[in-house]
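Open the structure in your viewer and keep the selection tool ready. We will go from stop to stop.

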Amino acid sequence: LAKVGSVAQRLQRYFAAAAQRGGTKSAEEDEDTDDELAEGGADLTGQTGPAKEPEAPVGEMEDMISFCTGVSADAVGNLLAPLFFLACMFFSDETQFLFNFGIMKEYHVYYLGFYLFMIVFQFICDVLSVNIVDLFHRWRVLDYLEFCQYRFRTRTYDWKGKESNYDEMLCPHQRSVDQLCFSEQYYFVTTLCTLGTLGWMLGLQIIFANQWNIFNDPASPVVLLVAALACRGGVAVVNSTSSLLRIWVVRPEDVRLYNQAGLGRLFDVQTQPLNANTALAGNFGLVPHRPQPPRGSAHEGWPEPQPYDAKGMER
């Protein structure tokens, strides 16, 4: 169903693009003249002058964010899989997890070693996947992540989720993911939610394996009440501790560092609101002078392409 939906979506984009362009070009019209190349390419709409800067389709932008979300979630899962298997080994008699899968106790260490050994190759596969979508789909994953890093470093609140300026170009279920900018706060929330889900699964398996009826136990309400109070108290302690230790506080030197690196000139938040659509399209609210590539980025040291180099300008 996912493949069929993807093919149908691509066909809709193709027909929409063909309708906007007025059909396909003939073989004689496929090549631009020298004057058109100097002016930025031929205009299929009949207008003269330099070609307008294309904007990234919203559908491709949402697909790219979904891809980044999947890769990040898989990375968290790959890191926590050995920890969950270790918990199953420690509570093997209570959970009966490994016994139900036919894994004997003398073979536990081999499975744990396999999980640890596969982590490196899983990250290598993730890196290759990012390069593949960059070459095949032309998704600017690294540019988008650099843009997210800039937004996180120059945020207005210590917790990024407190900001209310969502990117309305995205669908509603992706705005909160884009709001956290795939930062350390995003991975903190993802890891915390994953650990809670794994603990919930472990506890339910212990209940089912021992055939314990929680509704028939008179101590269940007391246990649930103590657990709820402990969770609420833990939230209060963590919030007060984070404020005391100034964790994730926006420091002025971070903003000044990004301005010195060229990102402050590249992303002009005073002249144009920023969103993921403008980031993917390369329209960052440029100031009149040409900014330099950020130091340490993938674009540092690259020669600037000529206007007629379509692939270079897109990259």
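Start by selecting E163, which is buried, with a relative accessible area of 7%. Buried means under 20% relative accessible area, exposed means over 50%, and partly exposed lies in between (1.4 Å probe, protein chains only). This is a predicted model: local features need pLDDT of at least 70, and side-chain atom pairs count only at pLDDT 80 or more, while totals for chains, interfaces and linings use all residues. Residues are numbered from 1 along each chain as its sequence is written, and side-chain values use heavy atoms, with hydrogens and water left out.

**Salt bridges**

A salt bridge is a side-chain nitrogen of Lys or Arg within 4 Å of a carboxyl oxygen of Asp or Glu. K160 is buried too, at 2% relative accessible area.

How many salt bridges does a search of the whole structure find? It finds four. Select D158 and K162 for another one: their closest N and O atoms are 3.5 Å apart. D158 is partly exposed, at 32% relative accessibility.

Next, select K105 and D93. They form a salt bridge with the closest N and O atoms 3.1 Å apart. This pair links distant parts of the chain, twelve residues apart: K105 is in the loop between α5 (97-100) and α6, and D93 is in helix α4 (residues 92-95). Helices are DSSP runs of H or I with at least four residues, strands are runs of E with at least two, and both are numbered from the N terminus. K105 is exposed, with a relative accessible area of 52%.

**Rings**

Switch to the aromatic side chains. The structure holds 13 aromatic pairs. Rings of Phe, Tyr and Trp (its six-membered ring) pair if their centres lie within 6.5 Å; planes under 30 degrees apart count as stacked, over 60 as edge-to-face and the rest as tilted.

Select F85 and Y115. Their ring centres are 5.4 Å apart and their planes are at 45°, so the pair is tilted. F85 lies in helix α3 and Y115 in helix α6 (residues 108-136), so the pair ties together parts that are 30 residues apart in sequence. Is F85 buried or exposed? F85 is buried, at 7%, while Y115 is partly exposed, at 32%.

Then pick R155 and F152. The charged end of R155 sits over the ring of F152, 4.0 Å from its centre. For this, NZ of Lys or CZ of Arg must be within 6 Å of the ring centre and within 35 degrees of the ring normal.

**The cores**

Which residues have the most contacts inside the largest nonpolar core? Select I65, F67, W139, V141, Y144 and F182 to see them; the core has 19 residues. A nonpolar core is a set of buried Ala, Val, Leu, Ile, Met, Phe, Trp, Tyr and Cys residues joined through side-chain atoms within 4.5 Å. Its largest share, six residues, comes from α3. A second, separate core of seven residues includes C88, L98, I103 and L202.

**Last stop**

Finish at E62, in helix α3 (residues 58-90). E62 counts as buried, at 19% relative accessibility. Leaving out residues up to four places away in sequence, E62 touches M169, L170, C171 and Q174. Contact means heavy atoms within 4.5 Å.
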